Amino acid sequence: VIQGIISKRNNDSFVKSNASIVNIKEILYQSEELLSLTSDFESKSRRYVITGDSSYLTDYATAKGNIFAHLSTLIELTKDDPIQQKRIDFLSVLTNKRINLSQQTVQLRYEKGEQAARQLIATNQGEGYMEQIRKTVNEIQGDENYLLDQGNRLNNKNLAAFNRSYYALLTSGLIFIIIAYFIIRQNFIKREKIEKKVKESNEKFLALFYGCPVAMIIRDLKDGKILDINAEYKRLLEYS
């Protein structure tokens, strides 16, 4: 029972740490996707400014929606971590600023031409936002990678503990079966010996009873019922 309780506890701990690792990996994935989409958003706006080709703006709205979807997912995944929540709030502000700047650039290109849009790009506001976004994402991922490393170590530790308790359970079960087998076998041997002695004693008694030259009778002590008589008794009374 104790081994079973220990095994369950180790298994529960393993499941919990494994769930934590899955959550951390999801945060890393979502933050990387956010950074990639934001960079792509910026890249498409620059290409439109340079070429004037509106095809670069086809999935502009979709990309923007995906960026905010990743932000929402990150907020949900880190709701129990106030430090990461602050970083994601700051990341949300930066991302909004970067997207708004890209939209301003596209609007200038559309309304006033390439030169006006290039002048806004030349201010390097976009680069400043992207640098801060990369830095914040790196901070988020740095903490998560540290937690991931700790989680993997804990996971391996829990797995090793589970395996130890599992094999201890198997070993103790096997030892119990072996001990039980020998105890049962010893009892069986003792029983056989006792039964043999009882049989031998009974045979001796019957031989003495039936062969005795003195008339003998066996009665039930409770009701006096005759259970058996010997040969001499039959001879004397002349009935069985």
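User: What makes a residue part of the lining of the largest cavity, and which residues lie nearest its centre?

Analyst: On a 1 Å grid over the protein atoms alone, a cavity is a set of points where a 1.4 Å probe fits but cannot get out, and lining residues have an atom within 4 Å of a point. The largest cavity is lined by 13 residues, and Arg 46, Arg 98, Leu 101, Thr 105 and Ile 121 are those nearest its centre. This is a predicted model, in which local features need pLDDT of at least 70 and side-chain atom pairs count only at pLDDT 80 or more, while totals for chains, interfaces and linings use all residues. Residues are numbered from 1 along each chain as its sequence is written, and side-chain values use heavy atoms, with hydrogens and water left out.

User: How much space lies in the largest cavity, and which helix gives the largest share of its lining?

Analyst: The space in the largest cavity is about 90 Å³, where a volume is the space filled by probe spheres set on the grid points, which are joined across faces, edges and corners. Helices are DSSP runs (H or I, at least four residues), numbered from the N terminus; α3 provides the largest share of the lining, four residues, and α1, α3, α4 (114–122) and α5 each supply at least two.

User: Why are α1 and α3 called roughly parallel?

Analyst: Their axes, which are lines fitted to C-alpha atoms over the stretch in contact, with angles running from 0 to 180 degrees between N-to-C directions, come within 9 Å and cross at roughly 15 degrees. Angles under 35 degrees count as roughly parallel, and α1 and α3 are therefore roughly parallel to each other.

User: What makes residues of α1 and α3 count as meeting?

Analyst: Contact means heavy atoms within 4.5 Å, and the residues that meet include Leu 34, Phe 41 and Tyr 48 in α1 and Leu 91, Ile 99 and Tyr 110 in α3. The residues of this contact divide into eight nonpolar, seven polar and three charged, where Ala, Val, Leu, Ile, Met, Phe, Trp, Tyr, Cys and Pro count as nonpolar, Asp, Glu, Lys and Arg as charged, and the others, Gly among them, as polar.

User: What makes the largest pocket a pocket, and which helix gives the most to its lining?

Analyst: A pocket is an open set of points with protein on both sides within 12 Å along at least five of seven lines. The largest pocket has a volume of about 190 Å³, and α1 gives the most to its lining, with four residues. By class, that lining has four nonpolar, three polar and five charged residues.

Conventions:
Angles under 35 degrees count as roughly parallel, over 145 as roughly antiparallel, 65 to 115 as roughly perpendicular and the rest as oblique.
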